[in-house]
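This report describes selected features of a predicted model.

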Amino acid sequence: MEPGDVEFIAEKELVKIVPNFALGKIYFISGDVGPFSPGLPVDVPLWLAIAIKQRQKCRVHPPEWLDVDKIETMKDDEIASEFFTELPNPHFCEVAQLLLTHATDNIPNADLLRTLIKDIWDIRAAKLRSNIDKFVKLQAGHARLDNLSQMEINTIRPFLTASLDHMYQLRISQSYTERNMSTQ
Amino acid sequence: MDVSHKSSSGMLQDYMSIDDILMSSERLPSVFLVPVKGLGFLDASTNKKDIAVGTKMDLPLWLVLSLAHPRKKFISFDYTKPYKGTYREILKADASVVDLHKIGPFFYAFGQQLLTLNHNESLQMAKCLVLTFMERFRKIMDWSINAYEHDNSERQEKLDEVERNLFKLGQKSLQSFQQWEMGESRKLSSSELVSRHRKRKRDMSE
């Protein structure tokens, strides 16, 4: 999967906007998007919010977790904890990236947020790498990692599956040899 | 979705895979146990018409695999240097600094094929392959997922073919992530082939 595909799926997340136009209810296949009245907040999918924002017809209201203090607390939790902390949203990275690119004026301290989110990403990536290494060294049959976001899984997927395949081949040949030796 | 590139698949060889063909052309030192009439020309050191018992020759793997089958006993063979005791000790000491490409670009695949033949050192060699890969894995992962500098060809020199493929996969996912982050997946740009074509009238009119 490309990062663009993961972003496409992430755009289904709902976000609050405040439109400056009036429109009735829109009926989409995946659900209805409620009537728009100027000045009243309404929940829309992210792709729609960005489209309306680019036509300068709304103001995007950032989700509660996209706030400097909360992100800093998340970062401290991430550094302190050995495991992966729970992210406010399974599509954390993509939603944050999209909002920070398109709705910069509606989000306070956008640059600071960008740096903090990048830091969190780096910390989690390092944790992920050391966990994978532990997994390979123990030759374990399966592993469980909670609270990984979609984008992280997507970046690691091709490399991890290919190297685990190779590992499996080598172990199979080792057990084959052991069986052969014992029957002789 | 792209199909992942599969090089040699363990103990079975893929007939069509070029990597497998290249791999099985590597040679093993072997000793003939039976005389063979008429094939004396294969042995470059003598000019006899037949191959006598006890002639030592380096035979390619594909030949050894058919001749050294336990029931047939035409030749007896020995492992090449990288799969023997001394090299195994070196790999046990520190596997990540060994230049696996120089030893033989298909270290793991060749080793796995050797395991199909019976040899008294098979078990240690099998364990050695597993442990070597486990140790080198960390380095490969770290290098391929953090490829910001441009000396990647240097780092790739010490990896054998399988490891190089893994490296490329890691780099590819890193590059597509970086491009996405910079917003390039949003832009539509004309492909390189088209803009280099020089027959494009639009460029000439600008």
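## A nonpolar surface patch in chain A

M1(A), F8(A) and I9(A) together make a nonpolar surface patch of about 320 Å². One of these residues, F8(A), belongs to helix α1 of chain A, which covers residues 3-10. The relative accessible area of F8(A) is 63%. Because the class of exposed residues begins over 50%, F8(A) counts as exposed.

The position of F8(A) can also be described relative to Y168(A). These two residues are 160 residues apart along the chain, and their C-alpha atoms are separated by 33 Å.

## Helix α2 and positive phi values in chain A

Helix α2 of chain A comprises residues 46-54, and its buried residues are L46(A), L48(A), A49(A), I50(A), I52(A) and K53(A). Just after α2(A), the backbone at Q56(A) adopts a positive phi of about 55 degrees.

Positive phi values also occur in loops of chain A. N109(A), a residue other than glycine, has a phi near 60 degrees. The loop that holds N109(A) runs between α4 (92-102) and α5 of chain A. With a relative accessible area of 46%, N109(A) is partly exposed. For N147(A), likewise a residue other than glycine, phi is positive and near 60 degrees. N147(A) is placed in the loop between α5 and α6 of chain A, and its relative accessibility of 32% puts N147(A) in the partly exposed class.

Over all chains, the structure contains 17 salt bridges. One of them joins the side chains of D43(A) and K16(A), with an N to O distance of 3.6 Å. D43(A) is part of strand β4 (residues 42-45) and K16(A) is part of strand β1 (residues 14-19), both of chain A, so this pair ties together parts that are 27 residues apart in sequence.

Both partners fall in the partly exposed class: D43(A) has a relative accessible area of 41%, and K16(A) has a relative accessibility of 37%.

Which residue of chain A forms a salt bridge with K137(A)? The partner is D133(A), and the closest N and O atoms of the pair are 3.4 Å apart. D133(A) and K137(A) are both located in helix α5 (residues 110-138) of chain A, with a spacing of 4 residues, or about one turn of the helix. Is D133(A) buried or exposed? D133(A) counts as buried because its relative accessibility is 10%, under the 20% limit for that class. K137(A), in contrast, is partly exposed at a relative accessible area of 39%.

D133(A) also takes part in a salt bridge with R138(B), where the closest N and O atoms are 3.7 Å apart. This pair crosses between chains, linking R138(B) in helix α6 of chain B to D133(A) in helix α5 of chain A. R138(B) is partly exposed, at 26% relative accessibility. Through shared partners, salt bridges join R129(A), D133(A), K137(A), R138(B) and D142(B) into one network.

Two packed helices are described by the angle between their axes and the distance between the axes. Helix α6 of chain A (residues 150-183) packs with helix α6 of chain B (residues 122-145) at an angle of about 170 degrees, and the axes are 9 Å apart. Because angles over 145 degrees count as roughly antiparallel, α6(A) is roughly antiparallel to α6(B). The residues in the contact of α6(A) with α6(B) comprise 15 nonpolar, 6 polar and 3 charged.

## Overall composition of chain B

The secondary structure of chain B consists of 10 helices and 3 strands. Along the sequence, these elements follow the pattern α-β-β-α-β-α-α-α-α-α-α-α-α. Chain B has 206 residues, of which 41% count as buried.

Conventions: Residues numbered from 1 in each chain as written. Chains lettered and ligands numbered in written order. Predicted model: local features only at pLDDT ≥ 70, side-chain atom pairs only at ≥ 80, totals over all residues. Heavy atoms only, no water. Axes fitted to C-alpha atoms, helices over the stretch in contact; angles between N-to-C directions. Helix = DSSP H or I, 4+ residues; strand = E, 2+ residues; numbered from the N terminus. Parallel < 35°, antiparallel > 145°, perpendicular 65-115°, else oblique. Nonpolar A, V, L, I, M, F, W, Y, C, P; charged D, E, K, R; others polar. Patch = residues over 30% accessible without salt bridge, like charges linked within 9 Å, V, L, I, M, F, W, Y side chains within 5 Å. Areas by Shrake-Rupley, 256 points an atom, 1.4 Å probe, with all protein chains shown as cover. Salt bridge = Lys/Arg side-chain N within 4 Å of Asp/Glu carboxyl O. Buried < 20%, exposed > 50% of the residue type's maximum accessible area, 1.4 Å probe, protein only.
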